[in-house]
Amino acid sequence: ETRFGKSLVVVVSGEVMKMVLKILLLLWLVSSSGVEIDSDHIYPKRSNEDAALLEWGSSAIIHNADCVVSTFGPSAAHPEFELGIEAELVTANPRQGCEPLTNARSVATQIVIMVRGGCTFGVKATNAAKAGAAALIVINNDRRSPDRSFAMAFSATGEMNQKEKERRSIGGGDDKSSDIIDPAVASMPSVMISYAAGQQLREHAPRRMRLFAGGGRPFIESVTDVTPVLYLVHNAMTQQELDAALSSLTPALNAKEKAKTNIIGGSTIRAHRILGILRGSTLNTFYERVSSIVGHPVEYLSDLVLEKRLQNSPTSPVRDDLRLSRFNAETGDDLRLTTVMTVYIFINTIHIDNDQDNAKDGGLIFPRARPHPVRISPTKALATIWYSAMEDGSLDRAAAHLDGALGPGNHSYRLHLRVYAQPRSLARRLLLPLLLFPFGPTGPNKHLAIATRRFFIRSFSELKADAAIDIVLYILFAIFLTPLAAVAFFAYTVYEQSRAKPKRRSIPSKSDHGKKKAPGKKA
């Protein structure tokens with residue numbers, strides 16, 4: 001009945017509960033790590049060869065939408081796509097285009113738009129070609145996946161799965177080599193746009209439109225629309241931006257690999273550098289692009305983290321941010337911020353020749369994704385973006401992810417950053433990078449950063465530690481800035497004095513030496 005006895009009972013019961021939770025978590029991780037991904041749910045499925053762009057509007061306001069090139073028409077590398085097609089936009093009558101068009105005169109030499117459904121894509125393309133259309137646009141009618149579009153097959157009404165593609169390739173039924181396709185259809189550009197893009201066209205109702213190849217521009221590929229909301233951005237970084245990120249973070253990564261520190265699970269090395277405003281113009285351009293994609297200002301984005309997965313790496317445990325703000329003293333994480341989105345960017349492409357070892361490409365796996373688990377294969381400059389939080393701010397458990405096994409002879413490199421619900425403080429974005437700049441690319445000692453963080457937590461509590469750190473940063477910056485300001489003011493004063501013209505003294509003439517001054521008058 002003593003206070004010590006009650007505390008002991010509480011401690012023992014708490015340890016037992018922790019042990020039980022760890023056992024349950026371990027069992028769940030084992031079951032999740034062995035999840036099998038169907039070949040139809042392995043991404044990316046698109047490439048630059050099927051990426052095209054629609055553009056309309058005036059010189060002041062230009063709108064655009066991504067579209068996917070069909071398998072039976074010219075590819076995006078065709079000269080007709082490279083030069084671009086500009087014409088008026090005409091809606092087919094009937095809208096689905098499953099019958100000969102009644103407005104063939106209006107469609108001739110123009111871009112005709114149809115709605116998916118009612119017949120195969122080959123029938124739509126044939127009717128458009130017979131009407132003399134310059135190009136065909138098909139709107140996807142899948143409202144459950146408003147951002148999804150895919151490459152149309154001539155004899156299909158929807159997206160073909162992997163087995164159908166393999167059966168068509170084995171049986172010689174490739175769309176471009178089939179004899180049933182009219183030459184006019186094979187030479188007519190045909191693309192599909194998503195349901196959301198179709199609603200955008202309906203809202204703006206443009207009269208003229210331009211269709212041209214993507215040309216390496218960033219484009220979006222939808223993966224899941226249920227939970228978590230997950231999509232890919234191809235060509236998310238240019239080669240120059242990749243080089244700038246690697247040059248900033250590779251020294252820290254090499255130092256940690258040499259010291260064998262910060263190696264997660266014995267297979268992943270993670271390096272971080274607090275750059276803030278010192279990112280440079282190249283990385284600032286990348287941050288502005290990410291900001292436009294995720295819909296949050298640059299101030300809401302974290303610093304970049306570089307990860308390297310070693311060869312023969314096993315499947316990692318499932319990673320799940322329980323608080324949506326995983327604390328890492330070395331990266332300067334702020335517990336006041338809540339993560340809403342996560343961005344992963346692959347730096348290199350990993351090709352696996354053996355089909356049986358395709359699962360060993362070190363891809364990103366989402367075992368809880370709905371309606372089915374998915375895997376993202378490493379592709380250079382490919383960004384994987386997903387929502388980590390629900391609309392009410394709670395954690396989306398379906399966003400839990402893991403790293404697939406990596407085969408021998410391969411090293412996987414990738415960058416990742418977070419999107420917060422609140423902007424990062426000015427002290428973390430401006431002052432902290434300036435104070436840490438003298439430490440160089442490797443940054444301060446990891447143990448020193450952790451000890452400093454623990455000191456603030458013990459002194460001000462966990463909730464007030466980040467605010468106290470910001471205040472100390474302001475004070476330190478003021479201490480460093482005051483002598484610099486004094487030196488600058490002194491240098492400016494000396495410079496102004498050097499520019500001032502010296503005063504000239506008047507020299508009396510010889511005729512004035514013999515003259516006497518009149519009394520009562522000043523000389």
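Residues are numbered from 1 along each chain as its sequence is written, and side-chain values use heavy atoms, with hydrogens and water left out. In this predicted model, local features need pLDDT of at least 70 and side-chain atom pairs count only at pLDDT 80 or more, while totals for chains, interfaces and linings use all residues.

**View 1. Helix H4 is mostly covered.** Helix H4 spans residues 121-130. Helices (H or I, at least four residues) and strands (E, at least two) are DSSP runs, numbered from the N terminus. Of its 10 residues, 7 are buried. Buried means under 20% relative accessible area, exposed over 50%, and partly exposed in between (1.4 Å probe, protein chains only). The buried ones are Phe121, Gly122, Lys124, Ala125, Asn127, Ala128 and Ala129. They pack against strands E5 (111-115), E6 (135-139) and E7 (190-193), and against helix H6 (183-186). Contact here means heavy atoms within 4.5 Å. Just after H4, glycine 132 has a positive phi of about 85°.

**View 2. Aspartate 303 sits in a loop.** The loop runs between helix H9 (281-294) and strand E13 (305-309). Aspartate 303 counts as buried because its relative accessibility is 5%. Its side chain reaches the backbone nitrogen of glycine 276 at 3.3 Å. The side chain of aspartate 303 also makes a polar contact with the side chain of arginine 424 (3.3 Å). A polar contact is a pair of N or O atoms within 3.5 Å; within protein, one must be able to donate a hydrogen and the other to accept it, and residues adjacent in sequence count only if both atoms are side-chain atoms. Leaving aside neighbours within four places in sequence, the contacts of aspartate 303 include His272, Arg279, Tyr287 and His416.

**View 3. Strand E17 pairs with strands E10 and E14.** Strand E10 (residues 230-234) pairs with E17 in the antiparallel sense over 4 bridges. Strand E14 (residues 339-346) also runs antiparallel to E17, joined by 5 bridges. Two strands pair if DSSP finds at least two bridges between them. Alanine 383 of E17 stands opposite valine 233. Alanine 383 is also the bridge partner of isoleucine 345.

**View 4. Phenylalanine 480 lies in helix H12.** Helix H12 spans residues 465-499. Phenylalanine 480 counts as exposed because its relative accessibility is 52%.
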